[in-house]
Amino acid sequence: MIKKNIPLSVLNLVPLRTGEGPKEAIDAMVDLAQAVEQMGYTRYWIAEHHNTPSLASSATAILIKHTLENTEKIRVGAGGIMLPNHPPLVVAEQFGTMETLYPNRVDLGLGRAPGTDMLTAAALRRNKHESVYTFPNDVKSLLQYFGPKENQGYVQAFPGVGTNVPIYILGSSTDSAKLAASLGLPYAFASHFAPQQMEQAIELYRTRFQPSEYLDKPYMMVCLNVIAAETDEEARKEYTSLQQFFLNVVRGTKLPLQPPVENMNQIWSDEEKAMVSASIRLTFLGNKQSIREQFIQFQNKYNVDELMAVTYIFDRKKQKKSYEIFKEAVDGA
């Protein structure tokens, strides 16, 4: 049976907009969280990135805490904590503390990548590469730290023990799908920047899923780009800010989020256009009816359990309006 009225959530990388600094980006992060909470979104996740001047999401746990204290009921979490950068015990203590302060509102999404370049990754952690390969064991350590007292070893997380902070495996490849399936954990795929292996990862996760104390059946989340507006034409124009944001990645320029433009062909080459388009090809784009049709088509093919939207729109009012239209479109499907 196709799932239509599914939970909708939000991912925020806390981008800086042209002409603004980190304080404005963090204020905008809270403002958006409050807005989507009122709209009825299920969760609000904040990413982790380092050495990226266009993003203010390096101290992710602090931003999550800040969002929790400025909202009332929406779940807030990490999308994700890049585990190679952090000792699992420290992560358990941080998230156990937040769960203690804000019960039943904290999520912990875990990623295997460092969320930065390798030089910065080396500066973040005690070793350079080994932690990427210890990811499965680090996830198991966190599950233990959050578990019941009787399952603990000598080293324990206080607060943390017995908090049962829900853990989600994040990924953009089939490796993460296999891990989530083997541990019986929910899985979130990063289609908003790496859609290439999404279909294969969804299939692998579902076919290999092993029921656990955390889940009795697969729970598949997909994160994608959403640019919704009153008209298709307006949405296409706002979409150029997203295109420019990913052109930054291609060029390595790290510019802040740019206002929309009339014609991207005056900015990028054919090769750059192809590279950007491949990265963001999974984007719901258009007015409410267009978004609704794209959602139904997507669900007819993939039938996921939850969608998480990331929306790069320069004008903050239009960004909030996009989330409002998206929610209405999906709820009315």
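In this predicted model, helix H2 (residues 60-69) has Thr60, Ala61, Leu63, Ile64, Thr67 and Leu68 as its buried residues, where buried means under 20% relative accessible area, exposed over 50% and partly exposed in between (1.4 Å probe, protein chains only). Viewed down the axis of H2, these buried residues fall within an arc of 160°, so they line one face of the helix; the arc is that of the directions from the helix axis to the C-beta atoms. An α-helix has 3.6 residues a turn, so residues three or four places apart point the same way. The packing partners of the buried residues of H2 are helix H1 (22-39), strand S2 (43-46), strand S3 (75-82), helix H3 (88-101) and strand S4 (106-111), with contact taken as heavy atoms within 4.5 Å. Helices (H or I, at least four residues) and strands (E, at least two) are DSSP runs, numbered from the N terminus.

Local features need pLDDT of at least 70 and side-chain atom pairs count only at pLDDT 80 or more, while totals for chains, interfaces and linings use all residues. Residues are numbered from 1 along each chain as its sequence is written, and side-chain values use heavy atoms, with hydrogens and water left out.

Strand S3 has a further feature of interest: Gly80, placed in this strand, is joined to Gly79 by a cis peptide bond with omega about 0°. A cis peptide bond also joins Phe158 and Pro159, with omega about -10°; Pro159 is found in the loop between H6 and S5.

Turning to open space, the second largest pocket holds about 310 Å³. A pocket here is an open set of points on a 1 Å grid over the protein atoms alone, where a 1.4 Å probe fits, with protein on both sides within 12 Å along at least five of seven lines; lining residues have an atom within 4 Å of a point. Of the 16 lining residues, Leu143, Asn164, Val165, Pro166 and Tyr214 are the closest to the centre of this pocket. Helix H6 (135-146) and strand S5 (167-171) are the elements that give two or more residues to the lining, and H6 gives the most, with three.

Two residues other than glycine have positive phi values. For Lys254, phi is near 60°; Lys254 is found in the loop between helix H9 (232-251) and helix H10 (270-279) and is partly exposed, at 37% relative accessible area. For Asn303, phi is near 50°; Asn303 lies in the loop between helix H11 (288-302) and strand S9 (306-310) and is buried, at 16%.

Notes
Grid points are joined across faces, edges and corners, and a volume is the space filled by probe spheres set on the points.
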